[in-house]
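Hi,

Here is the model I promised to pass on.

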Amino acid sequence: MSDKNAVSTVEIPNTNLNVADDTFKGKIKGIINEAMSNNPYFAAGGGLMILGTGLAVARSGIVKLSRVLYRQMIVDLEIQSKDKAYSWFLTWMAKHPQRVSRHLSVRTSFIQHDNGSISTRFNLVPGPGNHWIKYKGAYLHIKRERSAKMIDLQNGSPYETVTLTTLYRDRHLFHEMLDEAKELALKTTEGKTVIYTSFGPEWRKFGQPKAKRAYASVILDRGIKENILKDVQQFMQNGKWYSDRGIPYRRGYLLYGPPGSGKTSFIQALAGELDYNICMLNLSEGNLTDDRLNHLMNNMPERSILLLEDIDAAFNQRAQTQDQGYHSSVTFSGLLNALDGITSSEETITFMTTNHPERLDPAIMRPGRIDYKQFVGNASLYQAQQMFLKFYPEKVELAELFVKELADLKLSVSTAQLQGLFVMNKDDAPAALANIGTLKLTNGIDSHI
Ligand SMILES: Nc1ncnc2c1ncn2[C@@H]1O[C@H](COP(=O)(O)OP(=O)(O)OP(=O)(O)O)[C@@H](O)[C@H]1O
Ligand SMILES: [Mg+2]
């Protein structure tokens with residue numbers, strides 16, 4: 001449009017001014033031509049105007065072109081701090097050898113070794129600001145920004161973003177890099193069980209990931225472990241069955257019995273066996289409300305088993321006043337609503353434990369809340385024998401003697417108590433046998449079933 005104008009006006013000096021043109025357009029043109037040829041100021045102004053318009057057109061063209069080129073050649077990727085990839089990426093970048101960073105932040109981590117000692121490591125991660133890295137031959141610009149105004153309401157930390165920029169042709173590197181970052185993050189938890197616990201309204205890792213508890217190290221009475229494992233595995237394979245029937249894809253398990261019988265240990269070992277993590281909530285802890293419970297149960301990290309310990313705490317008002325130490329603010333209906341309200345499309349496996357099954361309201365036994373319940377009691381003679389053999393491998397005859405004596409003592413002891421005896425007499429099977437009488441002393445705390 002403006003080009004056309006420019007061309008037609010440029011032609012003006014060559015137009016024959018005296019040619020009469022009777023059309024309206026012709027008349028106007030005549031008047032303009034006359035004014036321009038007769039008035040030098042006007043003519044000069046017109047020239048400038050033409051030049052100005054031309055330049056403006058050219059400039060906006062260049063801006064547009066550069067924008068198009070930028071869009072064609074450059075790609076951005078934004079990672080927000082609430083995304084899981086955010087911390088993966090920072091850790092990855094801290095480990096990346098070819099980087100230029102002048103702004104660093106410290107991230108301290110604790111590493112627990114197998115012998116229990118803890119060492120501290122400082123990771124220097126890229127701080128807020130601009131950074132460059134060279135990755136697989138391409139340059140990536142990284143900008144980490146921290147919002148001064150916005151905070152993450154979930155955990156109160158400042159809201160942050162990292163923006164990565166590279167050439168369009170290298171855009172596939174984003175994928176490769178994120179995959180690498182994820183691999184790196186997962187490697188640190190490989191062979192480990194991450195335990196999450198509630199921190200306000202969100203799940204936080206509780207300590208460092210622990211080495212998986214060996215499945216075989218938990219000794220329950222015959223068949224219990226196998227049956228539960230089979231049931232969970234079957235449930236996990238049946239997603240389609242549930243979705244075809246519109247049934248929420250969840251299953252609840254209750255393990256009940258006296259303290260120290262291996263309920264919690266079994267659930268940890270099971271999580272390790274299935275390669276799942278654990279989200280653990282203790283309902284007898286006072287800081288949990290119904291709303292919070294509901295929120296937490298609907299926002300679990302993926303591949304986790306939900307473990308609700310001491311669920312009886314949510315049940316009986318009278319028990320709360322009688323048993324000191326119970327200040328739970330999760331109510332019975334709150335627990336039921338939370339169990340019913342899990343809307344995750346992924347499978348939800350909930351394990352619940354209690355030492356007081358008699359305090360539970362039958363309403364919790366409905367399918368979808370508790371589908372499978374199992375008593376886990378004090379040590380049976382079979383368990384005592386297996387425990388003995390676990391601590392003193394190959395001492396088969398002594399194990400027989402031990403079991404016989406235990407039967408003669410007519411004691412109901414927990415597996416935790418047996419473990420206590422064996423730990424006291426480490427690597428000394430005859431001493432464990434000789435000291436079997438000490439079990440009487442530790443008994444009494446949990447002789448009820
Ligand atoms: N059946 C078992 N097999 C192996 N170890 C066991 C067993 N039962 C208890 N222990 C050991 O005893 C300790 C306590 O066990 P755990 O915490 O699993 O008991 P619990 O049944 O969850 O008790 P509570 O009801 O008090 O929560 C752990 O160190 C665990 O290793
Ligand atoms: Mg327990």
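Below is what I found, going from the whole chain to the ligand and then to single residues.

First, the ground rules. This is a predicted model, so to speak of local features I needed a pLDDT of at least 70, and side-chain atom pairs count only at pLDDT 80 or more, while totals for chains, interfaces and linings use all residues. Residues are numbered from 1 along each chain as its sequence is written, and chains are lettered from A and ligands numbered from 1 in the order in which they are written.

On confidence: pLDDT is the predictor's confidence in each residue, from 0 to 100. The protein chain averages 82, and 80% of its residues score at least 70. (A contact here means two C-beta atoms, placed from the backbone, within 7 Å.) Where pLDDT is low, the predicted coordinates should not be read in detail.

The overall picture: the protein chain has 16 helices and 16 strands, taken as DSSP runs (H or I, at least four residues, for helices; E, at least two, for strands) and numbered from the N terminus. Of the 449 residues, 24% are buried. I call a residue buried if 20 or more other C-beta atoms lie within 10 Å of its own, exposed if 12 or fewer, and partly exposed in between, with C-beta atoms placed from the backbone. Among contacts between residues at least 6 apart in sequence, 70% join residues at least 24 apart.

Now the ligand. Ligand 1 is surrounded by 14 residues, the closest being Pro 259, Gly 262, Thr 264, Ser 265 and Thr 415; a residue counts as near if its C-beta atom, placed from the backbone, lies within 6 Å. Helices α8 (263-274) and α14 (415-424) are the elements that give two or more residues to this shell. By class, the shell has eight polar, five nonpolar and one charged residues, where Ala, Val, Leu, Ile, Met, Phe, Trp, Tyr, Cys and Pro are nonpolar, Asp, Glu, Lys and Arg charged, and the others, Gly among them, polar. Where does ligand 1 sit relative to the domains? Domain 3 (210-375) and domain 4 (381-442) both give residues to its shell, so it lies between them. Those domain bounds come from an automatic or database domain assignment.

Helix α11 (residues 332-340) is worth a look. Its buried residues are Gly 334, Leu 335, Ala 338 and Leu 339. They cover an arc of only 130 degrees around the axis, which puts them on the same side of α11; the arc is that of the directions from the helix axis to the C-beta atoms. The buried residues of α11 pack against β12 (250-256), α9 (290-297) and β15 (348-354).

Next, Phe 402, in helix α13 (residues 396-409). Phe 402 counts as buried because it has 25 C-beta neighbours inside 10 Å. Leaving out residues up to four places away in sequence, Phe 402 touches Ala 384, Phe 388, Leu 433 and Ile 436. Its C-alpha atom is separated by 9.0 Å from that of Ala 434, 32 residues apart along the chain.

Most residues other than glycine have a negative phi. Asp 427 has a positive phi, near 60 degrees, and is found in the loop between α14 and α15 (429-434). With 9 C-beta neighbours inside 10 Å, Asp 427 is exposed. Phe 391, which is in helix α12 (residues 381-391), is 36 residues from Asp 427 in sequence but 7.5 Å away in space, C-alpha to C-alpha. Asp 310 also has a positive phi, near 55 degrees; its place is the loop between β14 (304-309) and α10 (317-322), and with 18 C-beta neighbours inside 10 Å it is partly exposed.

Cheers
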